[in-house]
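Please keep the sequence and the structure in view while reading.

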Amino acid sequence: MAKEKVKKSIFKRWWFWVVAVIIIIAVAGGGEEGDTEAQVDENPATEASAEEKAEESVEEENESSETKESEEPEVEETAAEEEVEEENSEPEPETYSSGMYEVGTEIEPGIYYNPDGSIYAERLAGFSGELDDIIANANPDGPYYMEIKGSDAAVSFGNGGWRLFDDVEKERHEIKKSFSSGIYVVGIDIEPGKYKLEGDGIYWAKLSGVSLELNDIISNGNPTGGSAIVEVSPNDFAFEVSGGEWTKVE
């Protein structure tokens with residue numbers, strides 16, 4: 001009786017395993033290439049993202065630089081404006097308080113002005129304290145002027161606020177159309193013209209100077225009846241009044 005041939009299982013055939021190995025290698029190789037391509041595909045996106053971030057960083061730096069540049073001039077302009085204001089601001093004038101000052105050492109000769117008047121003021125020829133030393137004196141009421149001469153030994157102020165009537169001080173004064181008690185320099189405080197008194201006037205005087213001496217008086221008067229008219233000349237140095245309200249009428 002002949003034996004039947006038994007077919008070998010396909011898994012036992014050598015060529016099956018050769019083919020299987022080749023397929024596995026091919027599949028593995030394809031997967032690696034796919035991964036490589038995927039990585040290659042991902043790299044451009046990564047590079048693009050990095051470039052975008054770099055561009056954004058540059059733009060931010062430029063904006064920050066522009067902001068700083070735009071802010072710096074403002075600071076410089078503010079500082080410059082403050083310097084201009086300081087230069088334009090008028091310095092406070094040197095003032096003399098109450099007391100006695102030796103002429104030539106403690107106070108210089110010249111015309112001095114007190115915007116608020118004074119309790120008392122006097123020019124002195126010496127320091128004896130005697131009446132003979134008084135050259136001239138006054139009890140100023142309202143804005144007042146007094147000339148200190150180089151021949152004076154001293155000057156005495158009853159209260160403070162006296163300052164030199166120099167060019168800087170003159171610029172601070174404004175022309176008045178009406179005024180009351182005080183001394184007013186023609187061309188600085190008042191204009192030449194006719195002035196009328198309304199109210200209870202006590203005294204007026206046209207002056208050639210403000211040394212407080214009698215020879216400074218050009219003319220004067222004691223108004224009665226509460227009314228008076230006085231013409232101030234351009235040649236008058238100052239006009240002194242006491243009491244009432246004087247108003248320019250021409």
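In β8, Thr95 has Arg163 as its bridge partner. Strands β1 and β8 (residues 162–164) run antiparallel and are joined by two bridges; two strands count as paired if DSSP finds at least two bridges between them. The model is a predicted one, in which local features need pLDDT of at least 70 and side-chain atom pairs count only at pLDDT 80 or more, while totals for chains, interfaces and linings use all residues. Residues are numbered from 1 along each chain as its sequence is written, and side-chain values use heavy atoms, with hydrogens and water left out.

**Overall architecture**

- The protein chain contains two helices and 14 strands; these are DSSP runs numbered from the N terminus, helices being H or I with at least four residues and strands being E with at least two.
- Of its 250 residues, 28% count as buried, where buried means under 20% relative accessible area, exposed over 50% and partly exposed in between (1.4 Å probe, protein chains only).
- Among contacts in the protein chain with a separation of 6 or more, 72% involve residues 24 or more positions apart; a contact means heavy atoms within 4.5 Å.

**Sheets and strands**

- An open sheet is formed by four strands in the order β1-β8-β3-β6, with antiparallel pairing.
- Its edge strands are β1 (95–96) and β6, each of which pairs on one side only.
- Strand β4 (residues 121–124) is joined to β5 (residues 134–138) by four bridges, and the two run antiparallel; within this pairing, Glu122 stands opposite Asn137.
- Strand β4 also pairs with β7 in the antiparallel sense over four bridges, and there Ala121 stands opposite Phe157.
- Ser156 lies in β7 and is buried, with a relative accessible area of 14%.
- Leaving aside neighbours within four places in sequence, Ser156 is in contact with Gly99, Met100, Tyr120, Ala121, Glu122 and Leu124.

**Nonpolar cores**

- The largest nonpolar core has 22 residues, of which Ile107, Phe157 and Trp162 touch the most other members; such a core is a set of buried Ala, Val, Leu, Ile, Met, Phe, Trp, Tyr and Cys residues joined through side-chain atoms within 4.5 Å.
- Two or more residues of this core come from each of β3 (110–114), β6 (144–148), β7 (154–157), β10 (182–185) and β11, and β6 gives the largest share, four residues.
- Another core, of 13 residues, lies apart from it and includes Phe179, Val186, Val230 and Val241.

**Aromatic pairs**

- There are 13 aromatic pairs, counted where ring centres of Phe, Tyr and Trp (its six-membered ring) lie within 6.5 Å; planes under 30 degrees apart are stacked, over 60 edge-to-face and the rest tilted.
- The rings of Phe157 and Trp162 are stacked, because their centres are 5.0 Å apart and their planes stand at 15°; both residues are buried.
- Phe239 and Trp246 form an edge-to-face pair, with 5.4 Å between centres and 90° between planes, and both are buried.
- Ring pairs link Phe179, Tyr184, Tyr195, Trp204, Phe239 and Trp246 into a cluster.

**Salt bridges**

- The count of salt bridges is nine, each being a side-chain nitrogen of Lys or Arg within 4 Å of a carboxyl oxygen of Asp or Glu.
- Asp152 forms a salt bridge with Arg123, their closest N and O atoms being 2.8 Å apart.
- Asp152 lies in the loop between β6 and β7 and Arg123 in β4, so this pair ties together parts 29 residues apart in sequence.
- Asp152 is buried at 4% relative accessible area, and Arg123 is buried at 2%.
- Glu169 and Arg163 also form a salt bridge, with closest N and O atoms 2.8 Å apart, and both are buried.

- Leu212, in the loop between β11 (193–207) and β12 (217–221), has a positive phi of about 75° although it is not a glycine.
- Most residues other than glycine have a negative phi.
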